[in-house]
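The following notes are meant to be read beside the coordinates, point by point.

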Amino acid sequence: MKSFSRGILALIIVSTILLLSDLQNRNKKNVIQRSVGQVGSEAVAGKKYLLGLCYFAPEASHDQLLAGLWKRLGELGFERGRNLTVTESHSNGEIGNISPILLNMDNLSFDLILVTSTPCVTAALNTVRKHQVAFTYCSDPIAAGAGKSFKDHSKGITGIGSFPPVEKTIQFILETIPKTKKIGTIYNNAEANSRSVVNLMRKAATQKGFELIEVPVVNTSEIFQATQAILSKGIDALYISGDNTCTQGFDVIAGLCTKNSIPLVTNDKELVAKGALAAIGPGWNGVGYHTGDLVAKMLNGVSPDNIPLENFANENIEINMEKARILGLTIPKEFLSSSIPLPEAKKYKFAFVHFADSPMSEDCESGLRKALEDHKLREGTDFAMKVYNAQGDIATLNSIAGSIGSQTWDLVFSASTPTAQMLVKKLPGYKIVFTNVGDPQAAGLGKSFTDHLPNICGISTMSDFDGMIDMIRLLHPGIRRIGTVFTPGEINSVSYKTHLEEASRKSGLELIAIPANSVTEVLDAANELVSRRIEAFCQISDNLIGSCSSAILKVSLSSKIPFYGFVSGLLGQGAVAVCARDYFQSGYEAAEMGIEVLTGKDPSNIPYRYVSKTNYLVSRKNAGIFKIDIPESVFKAFPKLKIEK
Amino acid sequence: MTLLIGSITIGLVLALLALGIFISFRIFDFPDITAEGSFTFGAAITASLIVAGINPVAATLMAFAGGLLAGAATGLIHTRFKINPLLSGILVMTALYSVNLHVMGKSNVPLLSQLTLFTWVEHFSIAVSGKDAITSVLGWSVPVKDLWILLFCLIMIVLFSLVLLWFFRTNIGTAMRATGDNDQMIRALGVNTNVMIVFGVAISNGFIALSGSMLAQFQGFADVQMGIGMMVWGLASVIIGEALINEKKLGLLIAGAVIGAVLFRLLVAIALRWGMNPNDLKLITATFVFLALVLPGFMNKTKKIRLVK
C-alpha cells in the first residue's frame with residue numbers, strides 16, 4: 001500500500017506543479033471576453049420599449065445591418081420579445097409604398113421609429129409628425145433632406161449616414177483595370193443617395209479623364225435591359241453604388257457582367273459573394289452595431305434635436321480574388337494590404353499550431369507573420385504569438401489542444417488538417433483560423449465552403465488541378481496518359497488524387513495513380529508508373545512525397561518522361577513546369593481572415609476559400625531536356641506564367 | 001485547471017493502451033508491437049461504424065473485438081509458424097495499415113458532428129446542469145461537462161482495471177501469468193502455453209484497440225497515422241508506473257500502469273504550459289521520463305544511506 005501511495009503522491013506533486021504554472025488563469029472566466037463597445041444607455045429594468053422599423057426591401061446587406069443592430073441592443077439590455085417589441089414593415093422595393101407605411105406607423109404608438117435606406121428617410125421627413133425618428137443605412141443624409149449640415153438638421157430626426165467612398169472606388173477601378181476609358185453605372189434616379197453618388201462620379205470623371213456612362217432605371221424589372229444596354233456601350237468596368245433598386249436586382253447585373261467578363265465594383269461588401277469583383281465601403285454589420293447605441297439612447301428619451309448627424313463608414317475593401325484571377329487582373333498591393341481596417345489598439349494573444357515540421361507548414365507561418373507585420377501588428381507590442389508543434393504525434397496534439405484550452409486566446413491558427421479537426425472539436429469557445437488544409441469538406445469541417453462549423457474559418461490549399469491539366473495539354477498536344485504517386489494514408493493526398501482524376505477525366509486524359517506508403521515505396525511506385533507507359537508525371541504534393549520527390553524526378557530524367565508538379569521548389573530539381581499554390585500566401589491570407597475575425601466578424605459568416613495565388617512557372621532548360629517546345633498558346637492561357645532559365 | 005483535467009482525461013484514455021502493453025510486455029514477456037496497428041484499428045472500426053449510424057457503445061465494443069482479432073493473429077503467427085514475436089508483431093502491424101485504410105475507406109474519418117460516447121456524456125451534463133455550465137474548482141472555473149467526461153473516463157478505467165485484476169486471479173488468468181513467468185513449469189503442469197499466448201496477446205490488443213477507439217471519439221476523428229509512436233508512449237507509461245510502484249503485486253502493477261500513463265500526460269502538459277521552444281518538446285518529455293524513472297530509485301538509495309548512518 002505504501003508504494004501505491006507513492007504513485008498517488010507523484011501524481012499530486014505533478015498536478016500541483018501544473019496548477020501552479022496555470023495560476024494566472026485562476027478566477028478568470030474561461031470564456032473569450034467580448035469586446036465592449038462604447039458605453040451606451042442601457043435598458044431601464046422593467047420598462048417595455050416599442051420600436052417601429054420601416055425599410056425599403058429585404059436584402060442581404062440590410063440583414064447584416066439588422067444583425068449588428070440587434071446584437072448591440074441585446075448587449076445594452078434591449079431584447080426582442082422580452083422588453084423590446086419591434087413592429088417591422090417594408091415597402092417591397094416600391095418607393096410609393098413607403099409613405100402609407102410610415103403614416104400608418106405614425107398613428108400607432110412607439111417610443112421610436114427607425115427608418116433605414118434613403119427613400120425611407122426622405123419619406124419619414126415628410127410624413128412622420130408625432131414620433132421621433134432615427135435613421136441609418138443611408139448614404140448621404142444631407143441629400144436625403146435631413147438637414148443643411150450635420151449639426152443643423154431637421155427637428156425630431158437624427159441618424160447615421162454612411163457615404164460610400166466614391167473617389168477611392170474610382171481610384172481602385174483605374175489602378176486595377178489598366179487603360180480604363182469608360183466606366184458604367186446603373187441607378188434609380190428617384191433615390192437621393194444615388195443621385196449624390198452619381199454627381200461625385202461625374203466630378204471624378206472630369207478630373208481623372210474617363211467617360212462615365214449612366215443608365216437610369218425606375219424599378220428592378222428594368223435592370224436586365226439596362227445592364228444589357230450599358231454592356232453594349234463598350235464599358236471597361238461597371239460601378240454600382242449603394243442604389244437600393246440595383247442592390248435588389250444585383251444577381252441579374254452580376255450574371256450579365258460575368259458572362260461578358262466585365263469587372264463589377266460595388267460599395268457593398270455583401271455583394272462580393274454574389275459576383276462582384278470588389279466592394280469598397282462600410283461593413284453594414286458594423287454600421288448596425290454602431291446604430292445600436294443611437295437607438296438605445298433615443299429609446300431612453302434623449303431628444304434627436306441634441307444629437308448631430310454622423311457619418312460612419314469604415315472603409316473596408318473586400319476583393320474576390322478568384323474573380324480577379326478569372327478576369328486576369330492584378331490587384332495593386334496598396335488595396336490588398338488596406339483591405340481590412342486595423343483593429344483597435346490592444347495586445348492580442350495568438351496561438352499557432354503545427355502538426356509536424358514540414359516546409360509547407362513553415363511557409364504558412366512565415367506568410368502569416370508577414371501579413372500581421374503588413375497590417376502594422378508588431379510582435380511583442382501588438383500581439384504575442386505562441387507556436388506549438390505536435391511533432392507528428394497525435395497524443396501530443398491532444399495535450400496541445402488541452403494546453404490551449406486552458407488559456408485565453410484572441411485567435412488560434414491551425415496549420416494542418418488533423419490540427420484543425422482537433423482544435424475545432426476541443427475548443428468550441430475559441431475562434432480558429434486554419435490554413436494548409438487541402439479539403440476542408442473531406443476533413444469534416446463543413447458541408448460546403450459557406451455552410452461550415454461555426455467557430456472556424458480558413459484558407460484551403462487545394463492545388464489548381466484544372467490549371468495543371470490545361471498546361472500539360474498545351475505543352476503536349478495529343479497526350480493521353482499521365483501518372484502520379486499518392487499516399488493512401490494522408491487524407492489530403494487521397495483527396496488531391498481524386499480531384500486530379502476528376503480534372504483529367506474532364507479533359508479526356510487517363511490518370512494512373514500508384515499508392516506508396518513509405519519513403520522506400522515511392523521509388524518503386526515511380527518505376528511502376530513508367531512501366532505503365534505514362535507520358536508525363538503529374539505529381540500531387542503531400543507530406544510523404546514532399547520529402548522524397550527527388551526520387552521521382554530521378555526516374556523522370558532517366559526514363560525521359562517529363563515531370564510536372566505542384567510545389568515551386570521542384571522546378572530547380574528538374575520539373576518542366578509547376579502550378580504551385582503559394583503556402584506563404586495561404587498563411588498571409590489566413591492572417592487577414594484572422595484580422596477580419598478580430599474586427600468583429602463572426603467566423604461562421606466567413607466562407608472558406610482557396611488560397612488566391614498560384615504560381616505558374618515553366619523552365620526552358622528542363623523543357624529542352626525533354627525536347628518540349630513552349631508554344632505561344634501557353635502564355636495566352638496563363639498570362640502570369642513565369643519562365644525560369 | 002482545464003489543462004489539468006484535460007491531461008488527466010487523455011491520460012486515462014491512454015491508460016487503456018498502457019494496460020494492453022502491460023499485459024503483453026510484462027505479464028507474458030512478449031514484445032508485441034502490433035500495438036501501433038491495433039490502436040488505429042480500434043479507432044478506424046469505431047469511426048466507420050459511428051458514421052454508418054451504429055450505436056457508439058456497440059461501435060466501441062466492436063473495436064475491442066477487432067483488437068482481439070488482431071492480437072490473436074499475431075499470437076497465431078508466432079505460435080503456429082514459430083516466427084519471432086517481434087517479427088509477428090511487425091507483420092500484423094504492417095498489414096493492419098492497409099486494413100485500416102479499407103475499414104475507413106479513406107485515411108481520415110471525421111466524427112465532428114457524430115454521436116459518440118463523449119457526446120453522450122456531454123448531453124448528460126447538459127441535462128443535469130444545463131448548457132455551458134461552469135463551476136469553480138479551487139478557484140479555477142471549469143466547464144462542468146469536462147468534469148463529467150473526466151469522471152466517465154475514471155469510472156471506465158477503474159472498471160476495466162478491476163475486471164483485469166479479477167480475470168488474472170481466475171484459474172485461466174493464473175495460468176496465463178505463469179506462462180509469462182515460467183513457461184516450462186506451467187507446461188509441465190499440463191497447460192498449453194501456445195493457447196495462453198494467443199489468448200493473452202489478443203486481450204492485450206483488445207485493450208489497445210479500445211484505447212484507440214476512445215481516443216478517436218474524444219478527439220473527434222480517426223486518422224490512419226494516429227497509432228504512430230503510441231507503443232513507445234505506452235511502454236514508457238508502464239515503466240514509469242513500475243519504477244514508482246516498485247512491487248510485484250498484480251493489483252499494484254495494474255494501478256502503476258494507469259498512474260504511469262496519467263503521469264506521463266501531465267509531464268507533457270507541464271512541458272507545454274511552460275512554453276518551451278516547440279522543437280524541444282520531445283527532448284523535454286524524454287528528460288521528464290528519465291527523471292521519473294531515476295528519481296524513485298535515487299530516493300530509495302538516500303533513504304538507505306540514512307538508515308545505515
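1. A residue is called buried here if 20 or more other C-beta atoms lie within 10 Å of its own, exposed if 12 or fewer, and partly exposed in between, with C-beta atoms placed from the backbone. Helices (H or I, at least four residues) and strands (E, at least two) are DSSP runs, numbered from the N terminus. The model is a predicted one, in which local features need pLDDT of at least 70 and side-chain atom pairs count only at pLDDT 80 or more, whereas totals for chains, interfaces and linings use all residues. Residues are numbered from 1 along each chain as its sequence is written, and chains are lettered from A and ligands numbered from 1 in the order in which they are written.

2. Strand S8 (residues 237-240) of chain A is covered on both faces, with A:Ala237 and A:Tyr239 buried on one side and A:Leu238 and A:Ile240 buried on the other. Two strands are taken to pair if DSSP finds at least two bridges between them. By that criterion S8(A) pairs in the parallel sense with strand S6 (residues 182-188) of chain A over two bridges, A:Ile183 having A:Ala237 as its bridge partner. S8(A) also pairs in the parallel sense with strand S9 (residues 264-266) of chain A, over three bridges, and here A:Tyr239 stands opposite A:Val265.

3. In strand S22 (residues 577-581) of chain A, five of the five residues are buried: A:Ala577, A:Cys579 and A:Arg581 lie on one side, and A:Val578 and A:Ala580 on the other. S22(A) runs parallel to strand S21 (residues 563-565) of chain A, to which two bridges join it, but its pairing with strand S24 (residues 614-619) of chain A is antiparallel and extends over five bridges. The bridge partner of A:Val578 in S24(A) is A:Leu617.

4. Elsewhere in chain A, six strands form an open sheet with parallel pairing, in the order S14-S13-S15-S16-S17-S23; its edge strands, S14 (383-389) and S23 (609-610), each pair on one side only. Within this sheet, S16 (residues 432-437) and S17 (residues 456-460) of chain A pair over four bridges, and A:Ile432 has A:Ile456 as its partner.

5. A:Gly7, A:Ala10, A:Val14 and A:Leu18 are buried in H1(A); seen down the axis, the buried residues fall within an arc of 70° (taken from the directions from the helix axis to the C-beta atoms), so they line one face of the helix. Exposed residues on the other side of H1(A) include A:Lys2, A:Ile12 and A:Leu20. The buried residues pack against helix H1 (2-27), helix H10 (230-245) and helix H11 (250-273) of chain B.

6. For the contact between the chains, two residues count as touching if their C-beta atoms, placed from the backbone, lie within 7 Å. On this basis 52 residues of chain B are in contact with 49 residues of chain A, and H11(B) supplies the largest share of the chain B side, 14 residues.
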